Amino acid sequence: MISITKFSTLLTLLVLLLTTANAATFEINNQCPYTVWAAASPGGGRRLNTNQVWNLNVPAGTKMARIWGRTGCNFDGSGKGRCQTGDCGGVLDCRAWGQPPNTLAEYALNQFGNKDFYDISLVDGFNIPMEFSATNGGCKRIRCTADINGQCPAQLRAPGGCNNPCTVFKTNEYCCTKGQGTCGSTNFSKFFKQRCPDAYSYPQDDPTSTFTCASGTNYRVIFCPRGGSSEHHDNFPLEMVEEIIM
């Protein structure tokens with residue numbers, strides 16, 4: 001007969017195995033010709049010089065998660081300081097989301113249909129070109145590599161990046177704060193969408209901007225990627241996507 005103690009231990013091990021079975025590793029790779037201070041929620045933060053990689057392990061079931069790059073940072077020996085873009089409360093090891101403008105890789109693991117959901121979002125603006133893909137292929141590789149900083153409309157320009165109009169104007173027209181169907185594409189969102197068709201250009205841009213991959217997949221996020229392109233993605237109901245990603 002199995003004792004209560006042994007049964008409890010076996011149950012704990014079983015839960016641990018089930019939890020880690022579909023966990024994911026994110027390879028965060030800086031290919032920019034300058035230093036990027038990578039940030040992740042969950043995960044923290046790390047300085048990445050050119051061609052350096054940070055491997056981040058993320059538990060199954062994680063959602064409302066994001067990875068981004070910070071630029072123009074200066075930290076002291078205790079990890080306190082500031083970044084020009086993407087700053088997360090003045091610390092190297094992020095415990096909060098970044099300050100716009102910052103290009104976002106967003107994801108949710110092991111959700112509806114045993115799938116991972118992922119996207120690149122410009123809803124917090126743009127600071128660094130980015131690619132987000134499965135390390136083993138088979139899922140759509142999404143990219144945003146246009147010269148958005150150089151072409152940024154005057155009203156949206158910010159030091160080191162290009163703001164989304166929601167950050168600047170804070171109205172429902174751009175932020176969709178009054179709910180589904182109360183906002184739509186604008187000239188500003190079209191500026192982002194024309195340059196980065198894979199990326200969110202405004203908060204309700206779900207149909208063309210959210211992608212899926214089988215749970216248990218590992219991923220790669222590249223700052224300043226070289227090369228390009230794509231494969232396939234599945235479409236899911238709009239309300240389901242909003243619940244998972246946001």
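Me: What makes the pair Cys 166 and Cys 175 a disulfide?
Reply: In this predicted model, the sulfur atoms of Cys 166 and Cys 175 lie 2.0 Å apart, and a disulfide is defined as a pair of cysteine sulfur atoms within 2.5 Å. The pair therefore qualifies as a disulfide. Local features need pLDDT of at least 70 and side-chain atom pairs count only at pLDDT 80 or more, while totals for chains, interfaces and linings use all residues. Residues are numbered from 1 along each chain as its sequence is written, and side-chain values use heavy atoms, with hydrogens and water left out.

Me: Why is the disulfide of Cys 166 and Cys 175 called right-handed?
Reply: The torsion about its S-S bond is about 110 degrees, so the disulfide is right-handed.

Me: How do you know whether Cys 166 and Cys 175 are buried or exposed?
Reply: Buried means under 20% relative accessible area, exposed over 50%, and partly exposed in between (1.4 Å probe, protein chains only). Cys 166 has a relative accessibility of 18% and therefore counts as buried. Cys 175, at 12%, is likewise buried.

Me: How many disulfides does the structure hold?
Reply: There are 8 disulfides, among them the link of Cys 73 to Cys 83, with an S to S distance of 2.0 Å. The torsion about the S-S bond of Cys 73 and Cys 83 is about 110 degrees, so this link is right-handed.

Me: What does the pair Cys 73 and Cys 83 tie together?
Reply: Cys 73 lies in the loop between strand 5 (65–70) and strand 6 (74–75), and Cys 83 in the loop between strand 7 (81–82) and strand 8 (104–111), so the pair ties together parts that are 10 residues apart in sequence. Strands here (E, at least two residues) are DSSP runs, numbered from the N terminus. Cys 73 is buried at 11% relative accessible area, and Cys 83 is buried at 10%.

Me: Which handedness has the link of Cys 88 and Cys 94?
Reply: The sulfur atoms of Cys 88 and Cys 94 are 2.0 Å apart in a disulfide, and with -80 degrees about the S-S bond the link is left-handed. Cys 88 is buried at 3% relative accessibility, and Cys 94 is buried with a relative accessible area of 4%.

Me: How many aromatic pairs are there, and why is that of Tyr 118 and Phe 211 called tilted?
Reply: The structure holds 11 aromatic pairs. Rings of Phe, Tyr and Trp (its six-membered ring) pair if their centres lie within 6.5 Å; planes under 30 degrees apart count as stacked, over 60 as edge-to-face and the rest as tilted. The rings of Tyr 118 and Phe 211 have centres 6.1 Å apart and planes at 40 degrees, so the pair is tilted. Tyr 118 lies in strand 9 (residues 115–121) and Phe 211 in strand 14 (residues 211–214), so the pair ties together parts 93 residues apart in sequence. Tyr 118 is buried at 1% relative accessibility, and Phe 211 is buried with a relative accessible area of 1%.

Me: What makes the pair Phe 132 and Tyr 219 edge-to-face?
Reply: Their ring centres are 5.9 Å apart and their planes stand at 70 degrees, so the pair is edge-to-face. Phe 132 and Tyr 219 are both buried.

Me: Which residues do ring pairs link into a cluster?
Reply: The cluster consists of Phe 26, Tyr 107, Tyr 118, Phe 132, Phe 211 and Tyr 219.

Conventions. Helices (H or I, at least four residues) and strands (E, at least two) are DSSP runs, numbered from the N terminus.
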